[in-house]
Each structure stands twice: as C-alpha cells, then as structure tokens.
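Please open the model in the viewer and keep the selection panel at hand.

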Amino acid sequence: MVRQARSEATRRKIITSAVELFNEIGYPATGLGDIIDRAEMTKGALYYHFDSKESLATAIIEEASAHLVAAFANITASSAPALENIIHGVFVVADLLSTDKIARSGTQLLRAFGEFNDAAALVYGGWVAEMTERTRQAIDEGDLRAELDPQAVAETIVGSMLGAELLANATTAGADVLARVARTWKVLLPAIVNQESLSYFDEFLARESLRHSDTPLTD
Amino acid sequence: MTEQLDRRADTTRLQILRAASHQFARKSYSLVNLDDILADAEVTKGAMYFHFRSKYALASAIIEHRGTVARASVDQLLAQKLSGLETLIDISYLVAVDDIGDETARAGLNLLESIGRTDGLQEHIHGQWVTAFAAIARKGIKDGDVIGDRDPQGIARLLVSMYLGLRQTSNLAEPERFLHDLEDLWVLMLRGFVNPDRIDYLEKFIKRRTMVALKRATPL
C-alpha cells in the first residue's frame, strides 16, 4: 500500500518535471537526463515508469485529455440546453488550458505527435464524437438549425476551436486563448444558430467573460 | 461481522426513510401513521424504534437527509461555473423540479413547514440557505448583473421567501402551472435588483430554464 503510494508519487514527480521542461525549452530540446536532474531521481526510477521520452509524452497526453474531457463532460452533464453547454463547456476547457500546465503541455504534445501517434486519432476522434452527440441534441432542442448535419457542425466546432488555441499559442503563448475562442464563436454562431435564438446566444457568449472572472461563487 | 451488521442497519434505516418520505410527501405530518410507514418499509416496529425513537425523530431525519442531498446538488451547480445570477436561477429550478417529482425533496420541505417551528429547525435551515445564496448574490453584484447598492443578504432572503410562498400559492401537483408561476415571480423580482440592461437577457434565460424544467419534471 505504502509502496504503491510512493511509486505513484515518483511517477507524478517525473511527469511534473517533464511538463515544466517541455514548457520551458520544448519537447525536442529536452533530454531524459534533464528530466532526471529536475526530478532529482535516478535513471532507474525513470525507466521503471517510462521506457522512453515518447512513452512519457504519451502519458502526459493521456492525462491531459482525460482531464479536459472530464471538465467538458461535467458541464454537459447539466440539464441546461445543449448549445449553452457546448459553448460554456468549450470556454471551461480553454480556461483550463491557460491555467493547468499538464493540460497545456499535453495539448501541445498531441499536436506535435499528431501524425504518428495513436493517441492523437483517439483524442480528436473522441472530441468529435462527443460534440456530434451534443450537436444533435441542440438541433432537437431547436437552437441549432434543423437542416444541419450534426457531424459536420461538430467537426467545424472542434476544428475551429483547436485552431483558435493554436493561434493563441503561436502568437501570445496562449495568453489570449479565451478572447480568441470568443471571437471564433462570434463568427460561427450566425452560421449554425436558429434565427430566433441568435440574439440570446450572442448575449450568452458575451457573458462568458464574467463567468470566468476570478470571483469565487462562495466565500 | 460488525461491518456487515452496520451495512444491514444502514439499509434498514434508508428503507424506513424512503417509506416515511413516501407518506410525508403526500400527507400532512399529523395525518401520517407510523403503522403505514412500517407496512410500507416492511420492517418490524422494533427495527423502527431502534433507528428512530419517535415520529418527530423520523421527520427531522428526513429534513436532514434532504438537506445533505440538496447541498450536494447545489455544489454541483456551483461547479458549472456560470455567473452568480444564472446560478441562483438554476438553483431555484433545480429545487422546483425536485420538489415536484422527488418524494424526499417534497417530504423534506413539507416537514420543514409543519415541524420546523420547534427547536429552531426552520430558522437554522433557512439561515443556511440565506447565507449560501447571499454569497452567490454578492458574485452577481461583481458580475454587474445585480445593482451595486442592493443588499445580498436581502436578495437571498427574498429568494427563500419567494420559493416557500410559491409552495403555498401554486400547486406542485401541476408542474406546468408551478413552473410558470416560478417564472413569473422571477421576472417580477428581476426589476427589484437587476441592472436594467441585463434584464432582457436574464428573462430569456429564465424562460429557457422553464422549458427545460417542464421536460424534466414528473409529478409524484
């Protein structure tokens, strides 16, 4: 029991150190030796948990996406209308990307490994599937236009939000990701939302900034 | 062995609470008969008295049990990270949907009305709600939805009073009417403490919540 807890603590330490280094100097420049130094442990301890830098990266990707998916699912589990949950959920995920180091590093690694790692297809595919489900619901509820193809809408949402995140990373190291996500939604909404619901959703979107203010809800 | 016994005792206790909620949700406190609860729960009188010494003890246990469940679902709503006022509106609809269709919720609020005046129970529980809602109303002020000079504590008391009064003037057995009455009261209240330029959006938000609640609410 104690041993298991210690082993988990070691694994955590390795992941945290790797994430710090990837964020500071990038994945390619980081060597396993740097990670061992930063984590202050032996080569053996690292190899016990991860057999290569890539397996370490895969672990970070998996942890990050599990965390982001859970955060999104937590929002969409609410009984609120599906389109409200989709928009708000995307903001909650984007907010996590700017505050949670592992989530951010995992997303960047996912992009770097996109073409030659199974994790990428799995993660992106999962997002599109989840978004397709929610989109279908929003069409049923009448907020999204009835003639739309749920999967096409889902791919557009996921694709444009990933793009907004990529641009935020490339230009401001991710600092303005929430503002970019808001601008992207602003352009996207008129294309997919029913005429009667549009003014409501414009306002719903405009309010996202106050939903992410620092004020805690209870004191 | 003890663990197993404990677990069995827990199950019995829950069984009794469930059967009692079934009764208290439908009948007034004085009309509920302990024998009906026993028959419903399929437990012996001895088992019942082992867990609850009196009808009053059983009733307070339901109120307490409901309080725990309600607090957990409010925490879940807080984790949704909506704005303060949106959260308060969502809480009121959540309470209404539970009150309409959930026996423990209905029984808990019924009992709070009938036995709440003893032992300061009502004062204590309403006080807890007011404190929790006031904190959320304070966020509403920071969000710019609630007019700056309004007293968060006063808004919280108004909300609690509104809901408890609505239970008297509307009818929980008619979800459609109850939820529309809730909507009407919200729309009226908004004028009292919400900034004029936010009212239009919040009214739409409330109407959309009524639609969602109508789909979810199934009467007892």
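Two residues are in contact if their C-beta atoms, placed from the backbone, lie within 7 Å. With that criterion, residues 24 or more positions apart account for 60% of the contacts in chain A that have a separation of 6 or more. The model on display is a predicted one.

**Stop 1: chain A as a whole**

Along the principal axes, the C-alpha atoms of chain A fill a box of roughly 65 × 45 × 40 Å. Of the 219 residues in chain A, 34% are buried.

**Stop 2: the two domains of chain A**

Next, colour residues 1-51 of chain A as domain 1 and residues 57-211 as domain 2. The centres of these two domains of chain A, taken over C-alpha atoms, are separated by 30 Å. Where they touch, seven residues of domain 1 of chain A are in contact with eight residues of domain 2 of chain A. The side contributed by domain 1 of chain A comprises six nonpolar residues, one polar residue and no charged residues.

**Stop 3: the contact between the chains**

Now show both chains and select the residues at their contact. Chain A gives 17 residues to this contact, and chain B gives 20 residues. On the side of chain B that touches chain A, α5 (84-101), α7 (121-142) and α10 (196-216) of chain B each supply at least two residues. The residues on that side of chain B comprise eight nonpolar, five polar and seven charged.

**Stop 4: α7 and α8 of chain B**

The crossing in which α7(B) passes α8(B) is right-handed.

Display the side chains at this crossing. From α7(B), the contact includes His126(B), Trp129(B), Val130(B) and Phe133(B), together with Ala134(B), Ala137(B), Arg138(B) and Ile141(B). From α8(B), the contact includes Pro152(B), Gln153(B), Ile155(B) and Ala156(B), together with Arg157(B), Leu159(B) and Val160(B). Coloured by class, the residues of the contact of α7(B) with α8(B) separate into eleven nonpolar, two polar and two charged.

Methods:
Residues are numbered from 1 along each chain as its sequence is written. Chains are lettered from A and ligands numbered from 1 in the order in which they are written. This is a predicted model: local features need pLDDT of at least 70, side-chain atom pairs count only at pLDDT 80 or more; totals for chains, interfaces and linings use all residues. Helices (H or I, at least four residues) and strands (E, at least two) are DSSP runs, numbered from the N terminus. Ala, Val, Leu, Ile, Met, Phe, Trp, Tyr, Cys and Pro count as nonpolar, Asp, Glu, Lys and Arg as charged, and the others, Gly among them, as polar. Domain bounds come from an automatic or database domain assignment. A residue is buried if 20 or more other C-beta atoms lie within 10 Å of its own, exposed if 12 or fewer, and partly exposed in between; C-beta atoms are placed from the backbone. A crossing is left-handed if the near helix is turned anticlockwise from the far one by less than a right angle, and right-handed if clockwise.
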